[in-house]
Amino acid sequence: METQLVFKRYEIKYLLSRRQKEKVMAAMSGHMEPDRYGRSTIRNIYYDTDTYRLARRSLEKPVYKEKLRVRSYASAGPGDPVYVELKKKYEEVVYKRRTQMTQEQADLCLTGRRIMPENGQITEEIRYFLQFYESLAPRVFLSYEREAWYARESEGFRVTFDENILWRDTDLSLGCGVYGTGILPPGHALMEIKTPGSIPLWMVKALSEEAIRKVPFSKYGRAYQDMYSLWQQEGKSEVGF
């Protein structure tokens, strides 16, 4: 299992109906294979400032944005491996740095109770991020059921389908159960095409035939919008500002 990775790629998102997903899956047959995670439940904890600066920035659709999260592919206890991910997007290109730690190490380092280990450029960037943004703390737990595929011809081309996307702002632990408020329309999936370059012609054809168009979609941004709506309903519109 890798300890550090750097990704640079385009990530294009599409909101699919059940029928559209079936059509895309049929087009993928013969071209793609399930990746090593296959179908999994992904758990994330997003870190943000006390004013939710990162979430609000993401919703503004700026040229540059960034986020920090901890991810696991199963329920994670203190000694289990998790990934600390620093994700940046500049002019449609996504840059992701991730490093592996135990769940306990990640929690201690990201909340300032332990210094980040000095073991490479990635941890140095995360350390700078923590210093730059004040009052960073766990703010949202976000989970989803993911199917992940890679192209036989090029592992750099990947497709994922996320369903049952749930968020909550309590019980912020990767070891707790999966539950929360859904953010997708019933019967829909969020498809992401991840590629370092062009999209294969067979996929372009499938998208065209089903009139599938890319959409702007931030899971964390949608969760923040839901939270803000709830704050307003409860008379707490000042929260997050």
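Reader: Is Tyr-224 buried or exposed?

Author: Tyr-224 is buried, at a relative accessible area of 4%. Buried means under 20% relative accessible area, exposed over 50%, and partly exposed in between, with a 1.4 Å probe and protein chains only.

Reader: What kind of model is this, and how are residues numbered?

Author: The model is predicted, so local features need pLDDT of at least 70 and side-chain atom pairs count only at pLDDT 80 or more, while totals for chains, interfaces and linings use all residues. Residues are numbered from 1 along each chain as its sequence is written, and side-chain values use heavy atoms, with hydrogens and water left out.

Reader: Back to Tyr-224. Which residue does it form an aromatic pair with?

Author: With Tyr-52, in a tilted pair: 5.5 Å centre to centre and 35° between the planes. Rings of Phe, Tyr and Trp (its six-membered ring) pair if their centres lie within 6.5 Å; planes under 30 degrees apart count as stacked, over 60 as edge-to-face and the rest as tilted.

Reader: Where do Tyr-52 and Tyr-224 sit in the chain?

Author: Tyr-52 is in the loop between strand 2 and helix 2 (53–59), and Tyr-224 is in helix 6, 172 residues apart. Helices (H or I, at least four residues) and strands (E, at least two) are DSSP runs, numbered from the N terminus. Ring pairs also link Tyr-52 and Tyr-224 with Tyr-228 and Trp-231 in a cluster.

Reader: How many aromatic pairs are there in the whole structure?

Author: Eleven aromatic pairs are found. One of them is Tyr-46 with Tyr-220, stacked at 4.7 Å centre to centre with 10° between the planes.

Reader: New topic. Which residues touch the most other members of the largest nonpolar core?

Author: Leu-68, Val-70, Val-84, Leu-110 and Ile-126, out of 22 residues in that core. A nonpolar core is a set of buried Ala, Val, Leu, Ile, Met, Phe, Trp, Tyr and Cys residues joined through side-chain atoms within 4.5 Å.

Reader: Which helix gives the most to this core?

Author: Helix 4, with four residues.

Reader: And which ring does the charged end of Arg-98 sit over?

Author: The ring of Tyr-83, 4.0 Å from its centre. The rule is NZ of Lys or CZ of Arg within 6 Å of the ring centre and within 35 degrees of the ring normal.
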